[in-house]
Amino acid sequence: MTEPQGVLKPDPVIEPGHDYGSITEKIASIVDTGRQPKFWWVGFGIGFALMQLFLVSAVWLLWEGVGVWGINNPVGWGFAIINLVWWIGIGHAGTLISAILLLLRQDWRTSINRFAEAMTLFAVACAGMFPLLHMGRPWFFYWLIPYPNTFGMWPQFRSPLVWDVFAISTYATASALFWFIGLIPDLATLRDRATNRTGKFVYGLLSMGWRGSAVHWYRYEVAYLLLAGLATPLVVSVHTVVSFDFAIGIIPGWHATIFPPYFVAGAIYAGFAMVLTLAIPIRWMYGLHDFITARHLRNMAKVMLATGLIVAYGYSMEAFMAWYSGATYETAMIEHRLFGSFAHIFWALIAVNVVIPQVLWFPQVRRSTAALFCVAMVVNVGMWLERYLIVVTSLSKDFLPSSWGEYAATRWDWATYIGTIGLFLTLMFLFLRVLPLISIFEMRTLVPGGAGKKGGDDE
Amino acid sequence: MTHQRLHSVELTELQDKLARAQGKQYWRSLDELAETPEFVEYLHREFPEQASEMNDPVSRRRFLQLMGASIALAGATACNGQAVEKIVPYVRQPENMIPGRPLYYATGFSLGGYAIGALAESHMGRPTKLEGNPEHPASLGSSNSYLQASILDLYDPDRSQVVLNNGRIATWEGFIAALGTELATLEASGNGSRLRILTQTVTSPTQIDLIEAVQARLPGAQWHQWEPINRDAVRAGAVAAFGEPVDTRYDFSRASVVLSLDADIYADLPGSIRYTRDFADRRRVRDDDRNMARLYSVESTPTITGASADHRWRVRASDVEAVARVVAASLGVAGLEGSGQLPDGVDAEVVDALTADLRAHAGTSLVVPGEGQPPAVHALAHAINAHLGNVGETVVHSEPVAPQPQSQAASLEALVEDMRADAVGMLVVIGGNPVYDAPADLDFAGALDAVGTRVHMGLHANETSELCHWHVPENHFLESWGDARAYDGTVTLVQPLIEPLYLGHTALELTAIMAGAAETEGRAVLESAWRDRWAAGEIEVDLGPTFDKAWRRILHDGLVPGTAYPARPTALVGGWDLGATVNSGGMEVIFRVDPTVYDGRFANNGWLQETPKPLTKLTWDNAALVSPATAERLGVANEDVVELTYDGRSVRAPIWVLPGQPDESVTLPLGYGRTRTGRVGTGTGFNAYTLRTSDALAFATGLDVAPTGRRYQLASTQMHHSMEGRDIVRVGDFHEFESTGGIQHPHTHVPGPEESLFPPYEYNGHSWGMSIDLNVCIGCTGCVTACQAENNVPVVGKTEVANGREMHWIRVDRYWSGGVENPETVFQPVACMHCDNAPCEVVCPVAATVHGSEGLNEMVYNRCVGTRYCANNCPYKVRRFNFLDYTDYDDAPMMKLLHNPDVTVRSRGVMEKCTYCVQRINVARQDAKVDGREMVDGDVVTACQQACPAQAITFGDLNDPDSAIAAAREEPLHYGLLEELGTRPRTNYMARLRNANTTLNPPVERSDSEVEHD
């Protein structure tokens, strides 16, 4: 689809007037001038403060036990698993942008992939906290890992939680490697630009002796492409495996074959929403309108619209299959979701995840950064509500009405959740401070007439 | 007098000091502490009030620490510190004692004066569990929640531990000296009548003899009895009917048609455990035994008896008499004065059907009046039973088990009058808590002030001891020598299992001292009394040539054979009918014994507090029970606080809407609102005794209810009451089963083993299974408490229960169906089903729950990391998680003593659930191996099965074709819960049947498409 731009060529992915020098200067100076805008200090301050909240709540949790949370019988999983799935979902956009869009030669990814990947890593770090913290005895977490031991015990490989360990750790490793490989040429740039000894030393160490020779570039390209190829299945596999945590269970509302695709779509939806949530303020903060152009934002909005529709299809299929199967427990579960004690959450979910994002059909909305930011925030909330609905409502009313119960989060649930947002923000702002948030060398390839590829038609 | 008002104690600082000390240092630091001002102050106060700690989940750990401190401090104050323990092997091993193997001793537990024979399990001298005594007629091996939980009282750290004089610590010797002086003065001055002894209901022959000896020493000394849940009406009814206070007991094993007139046959009668067993045998239906006794219930407050009844009609408590009268009249009972009108809820058609059925079963029918019903109803029931020829068949009259010259209410009233008139110089209260539970209009506490010397002996320092000059700790029955009669008169021996943990004494000892008896040591008192009776030939059964042999036999059996009272002929006297009572209008208030804390004596018992009440499923609180229609009229809902006013007194209570409750009638369970009990019980519920006056001990009309707009949180373990049309508890029609051998139930597809990709497990040895017969299950929750005691199930407190975190391994689900006003009630005990295809096993990431070689779904606590995935994936929701540290007894050594050493105490963060009492399976396996034989059916008895008074639970080896469980699996009524999920549960159920009177309930045709036949 082409928007009425009045020209035949699509919008550029980099505004005109840039050359190699200006790109390098613009991006690298954010890191090496040593001065950060006020916004950075405010953002970092908030994030850091919230991270302290996380530390406090984690310590209290370890001291007292998971009973400080609102979980109970029958709702044995609450905020921890909701947040795990939410953060993992957010983590999806990074790899999708880096790997799949790279393989598809979508060069508009260039200006957003670096911080999207960082976002992925940090989101996975936040996500990774929850499976650990939610355990009754977290100090034995390593029993989920297959390692030779004197017990003569393996993990129980039929459990999706064991699959999770593999899926999430693989994803985290692959994402970190991918991110780091992609950083090497830029780290070398920073090393070369560094004026103090610390900078020279640290960036020098991290750039692994990058000299920019043709052989280096060749090996870099091969490694990066290979990693992209490796990472691509992970985009699908991680959330598929996470969805198995539910789909393998026999609880109505969990036990559904639609879960893997529906979770993956939801994850991409959530991931792009989070990328927009971050990109819009960063772009404004550092004046990066030339690099993160209106076209980037529009493209992301379109991806959100598409995945949002898949998610909406998932919701409707869930309800339809419950009705169509005529299965007592499934029907009752859907009725409970639609009209039961958690109905307000369901209808809020429909509003924020299905209805409101439909405004993205309108070009005016896609062009307005403020509107996009609002929609992205709404989707962030919506995807959280979706996981709340899946985890909590299904458990609260399953087979025997005698065991039905309600769930209410405690302040420690909220503190832990908000605390991980703090952790995320802290890491994100530190990243902005010490690493180039946009890939410098890849941006150079976008300069018209430059050495790189030309801006392709992605629309 | 200046009785010391006791204040709450800030223990924090003391505790902090204790927390820093360890091992021997611990005791040394106590000595140091003793020097500090706060410690000295603590000594002068008595009750550290930290009850609220119990309710706060997060500070529970703290509470337990406090509990430990209180024990330690009490130890210091009592100068009775536990000796340094040296672990050395026996040089000469005591006979029968094998380390690691328990010994069982017969003893007796009394409630309301009536004894139930018990077997106490003792591990190396430490009692850990109580069971019914199979040889005892009141038990036959079964028990109830009270009996099961009474062992917790033994280890209760809040138990009274030292003699108190005006709230200060004193000594037993000091007390005896003071008592001796007082008594000598009374004796010398000839003022014997100024001595009063107030006891609870006493059936102990030795205690009665000793009290009479006191009266002989001090002529004129009077003995009063008061028990808030007394049998005055029963007694008065017998006097009205027969002219003498005969006792009535029932033989349910002969009953075919039973009519309950507001009687909770299964819970409230002295012989309830036995009755339940006998009647369950009459109601158990098998393919080859298609007989079922019928139970009609006309009742006010819903009870488990009404819930089990084939027909239940709800009438106000004050209307039961009218129903009884009309039934009697239509049966043609002679001597009836006027017949009266039927109340709402029962119509003439019902009475016709009922009377026809009773008449058709003359001689095998039975009418049981409720303990709370007035004498007139009891007289009517006697007349009906006599008229139907049931006396001598299903009804047995005998000498009264509890000899009482007058009714307890009158006795207490006389005492209070004398106290006010300054005619009482010394009052000795042995057991009980009259300040708390005496009728409100008597103002017992106020009258007490006029008594010169007041002595209280009790298990706990309570509201009464607070107002007494002396408080003497009483021994728990597991520390005591004593005797008591059972419901049928059988003398039951009480023998101690353990040296008294604290400085307590028994009622027998105190009375013996007061009587100036030669023997004053518990065992000697009892033994010499029985030696005398032996010598006098009072024991009719030949127990051996010498007394010592006889005594050994008595102690071994836990009862004196041949002491049941024989049946005694009775005849109705003229004018037996007390005449119809005219009901005044207005709302009715009903006072009922609480199904868990009884009359308040178990208020500090955490197990009972947390056992859900059978109908309401409430824990930790009582509530004003009202019908849905009344709640609507009052504009109140659950947890709304109302102000209840009766006769000028008022109390605030939260509302709980209870379907089946009669309209315009409010039931107030007694036993809550204690102000002086331990930290568990203080502050729970509201005190219904506040409204209970001498003329309204059971019920009365004229209650005012006013909403206050406030709310009070109640903790119920079941929030949803409908089966939602699901095939959960199968209820069938007995007549249909009788003719077809099957019942109708919704069609479900049960996947067979061949539908799984995995091969089925093979069981070459044993294959354990359980079957629960819902047709005889009465929903009493005895199994819940028994399981708690056997398996070290922790108590979590009200907040945690409200949060859905109760830990019971077996729960009794209660569902209602039909109209909301008078629904049908069904119960279903649910524990781990030990599925062959268990959803929990596949999802555990660390293999902490695995399938055993004998079919058990085994939970490996040590391996559990606490992901709770198994609990989520369990369709029966029987898994329980230690969300917090519920078992931190490091600082409470007394509580540790209680634990069953054969069962692991679970730590924070691990999952737990029913194990099929695997420890019992293993013991049985070892025993069989030692004996060189195969295990046989009946070797393994699970705790729930053993306790069940209805014997509804069958357990055994499915691989043994001759076992009871294998036979149960062949029964047509047998089904698996949620079998359609393919879980293949090993615990199965047998459908409940309703033996409706076809005149009242013509069979309903159901469409075949919805149901299938077995």
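This is a predicted model: local features need pLDDT of at least 70, side-chain atom pairs count only at pLDDT 80 or more; totals for chains, interfaces and linings use all residues.
Me: Which residues of α12(A) meet α14(A)?
Reply: From α12(A) come I345(A), F346(A), A348(A), L349(A), V352(A) and N353(A). Among their partners in α14(A) are V378(A), V381(A), M383(A), L385(A) and L389(A). By class, this contact has twelve nonpolar, two polar and one charged residues.

Me: How do you know that α11(A) has the span expected of a helix?
Reply: Compare two lengths. α11(A) has twelve residues and reaches 16 Å from its first C-alpha to its last. At 1.5 Å a residue, 16 Å is expected. The two values are close.

Me: Which residues of α11(A) are buried, and what covers them?
Reply: The buried ones are Y329(A), E330(A), A332(A), M333(A), I334(A), H336(A) and R337(A). Their cover includes α10(A), α12(A) and α14(A).

Me: Why is T781(B) called buried?
Reply: Count its neighbours. T781(B) has 28 C-beta neighbours inside 10 Å. The cut-off is 20 or more, so T781(B) counts as buried. T781(B) sits in the loop between β30 and α25 of chain B.

Me: Why is D443(B) called partly exposed?
Reply: D443(B) has 14 C-beta neighbours inside 10 Å. Exposed needs 12 or fewer, and buried needs 20 or more. The count of 14 falls in between, so D443(B) is partly exposed. D443(B) lies in the loop between α16 and α17 of chain B.

Me: How do you know that the peptide bond between N73(A) and P74(A) is cis?
Reply: Check omega. Its value is about 10 degrees, and the bond is cis. Most peptide bonds are trans. P74(A) is in the loop between α2 and α3 of chain A.

Me: Which residues touch the most other members of the largest nonpolar core?
Reply: They are V275(A), A624(B) and V666(B), in a core of 433 residues. Helix α9 of chain A gives the most to this core, with 18 residues. Leaving out residues up to four places away in sequence, A624(B) touches V642(B), L644(B), A653(B), P654(B), I655(B), W656(B), V666(B) and L668(B).

Me: How many residues does each chain put into the contact between A and B?
Reply: Chain A gives 40 residues and chain B gives 45. On the side of chain A, α6 and α11 each supply at least two residues. α6(A) gives the most, with three. That side divides into 23 nonpolar, 13 polar and four charged residues.

Me: What makes up chain B, and how much of chain B is buried?
Reply: Chain B has 32 helices and 41 strands. Of its 1014 residues, 60% count as buried. Take the contacts in chain B with a separation of 6 or more. Residues 24 or more positions apart account for 74% of them.

Terms used. Residues are numbered from 1 along each chain as its sequence is written. Chains are lettered from A and ligands numbered from 1 in the order in which they are written. Helices (H or I, at least four residues) and strands (E, at least two) are DSSP runs, numbered from the N terminus. Two residues are in contact if their C-beta atoms, placed from the backbone, lie within 7 Å. Ala, Val, Leu, Ile, Met, Phe, Trp, Tyr, Cys and Pro count as nonpolar, Asp, Glu, Lys and Arg as charged, and the others, Gly among them, as polar. The expected span of a helix is 1.5 Å times one less than its number of residues. A nonpolar core is a set of buried Ala, Val, Leu, Ile, Met, Phe, Trp, Tyr and Cys residues joined through C-beta atoms within 7 Å.
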